[in-house]
Amino acid sequence: METFGTRLSEAVAARGPLCVGIDPHAALLTRWGLSDDVTGLERFARTVVDALADRVAVLKPQSAFFERFGSRGIAVLESIIRQSREAGALVLLDVKRGDIGSTMAAYASAYLDPASPLRADAITVSPYLGVGSLRPAFDAAAAHGAGVFVLALTSNPEGPAVQHAVTSGGRTVGQTVIDEISQLNAGAEPLGSLGLVVGATIGETCHDLSKVNGPLLAPGLGAQGGTPEKLRMIFGEGLRNVLPSYSREVLGAGPDQAGLRSAAARAADACRAVGL
Ligand SMILES: O=C(O)c1cc(=O)[nH]c(=O)n1[C@@H]1O[C@H](COP(=O)(O)O)[C@@H](O)[C@H]1O
């Protein structure tokens, strides 16, 4: 079985590194002329998948916007995950889960086990119960050829108060997360299956991302003010493994499928221009 790191490397080689988020905000549904209900949600999500799943490496549905509509929203999420994967995109389900180990094991089987209806290629997780509490997700990912992206330095302004705090070992919380994931990815070829999330808005920090040997998801581009030009300063040598991630910047170009495709192509071009 191919690892997620291998599958991602192949997808990036074939399609480029762009990740597009599927975030059906109420405001976007309205802007697209859709109703703010499960019918609008489904139309929105299917339009994005129809437009982009055959061309971008990664689609990242944000679970919250589907959960908003209860079981029918989740059914739409299940269906668009399947459709995206069938069209060749890898699906990174943005759920930011994090819990004690035994509960984490249940989340891991919900999202990463091929037998689950919500099975994705990878998920986002939160390490604030301790990176070790995520072990069941790492084990499930290894068993099923899936990936796990751990929040390290997030794009929101509240993040640094926690992530830049210095631990008793003298490193920041963020660097501790980075180092623990780097250790777990050590030696993996062509790329480890454990990723980190590092916001494109964080500016210059003293964090070292050069040894991660795994994918680095960079959300915060576009709507939150992050620009491709800043990525080299943030990621340094890690730039080669960055997946630039856009949601509203691309989604705002819908509902026209050609508009969505051109917006994604423009985002990809802007990232290519800075060496991605
Ligand atoms: O894990 C994420 O994707 C994520 C991490 C982070 O630090 N910041 C961040 O914005 N995100 C997600 O990325 C998406 C950003 O959307 P836009 O600001 O519209 O591009 C949302 O779904 C966020 O939940």
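**View 1. Contacts of K96.** Apart from neighbours within four places in sequence, K96 is in contact with T124, V125, S126 and L151. Contact requires C-beta atoms, placed from the backbone, to lie within 7 Å. This is a predicted model: local features need pLDDT of at least 70, side-chain atom pairs count only at pLDDT 80 or more, and totals for chains, interfaces and linings use all residues. Residues are numbered from 1 along each chain as its sequence is written.

**View 2. K96 in strand 3.** K96 lies in strand 3 (residues 90–97). Strands are DSSP runs of E, at least two residues, numbered from the N terminus. K96 is partly exposed, because 17 other C-beta atoms lie within 10 Å. Buried means 20 or more such atoms within 10 Å, exposed means 12 or fewer, and partly exposed is in between; the C-beta atoms are placed from the backbone. UniProt, in an unreviewed entry, lists K96 for "active site". UniProt positions follow the numbering used here, feature names are shortened, and annotations may be inferred rather than shown by experiment.

View 3. Strand 8 (residues 242–246) is mostly covered, with five of its five residues buried. V242, P244 and Y246 point one way. L243 and S245 point the other way.

**View 4. Partners of strand 8.** Strand 1 (residues 19–22) runs parallel to strand 8, joined by two bridges. C19 has S245 in strand 8 as its bridge partner. Strand 7 (residues 216–218) also pairs with strand 8 in the parallel sense, over three bridges. Here L216 stands opposite V242. Pairing requires at least two DSSP bridges between two strands.

Technical notes:
Helices (H or I, at least four residues) and strands (E, at least two) are DSSP runs, numbered from the N terminus. Two residues are in contact if their C-beta atoms, placed from the backbone, lie within 7 Å.
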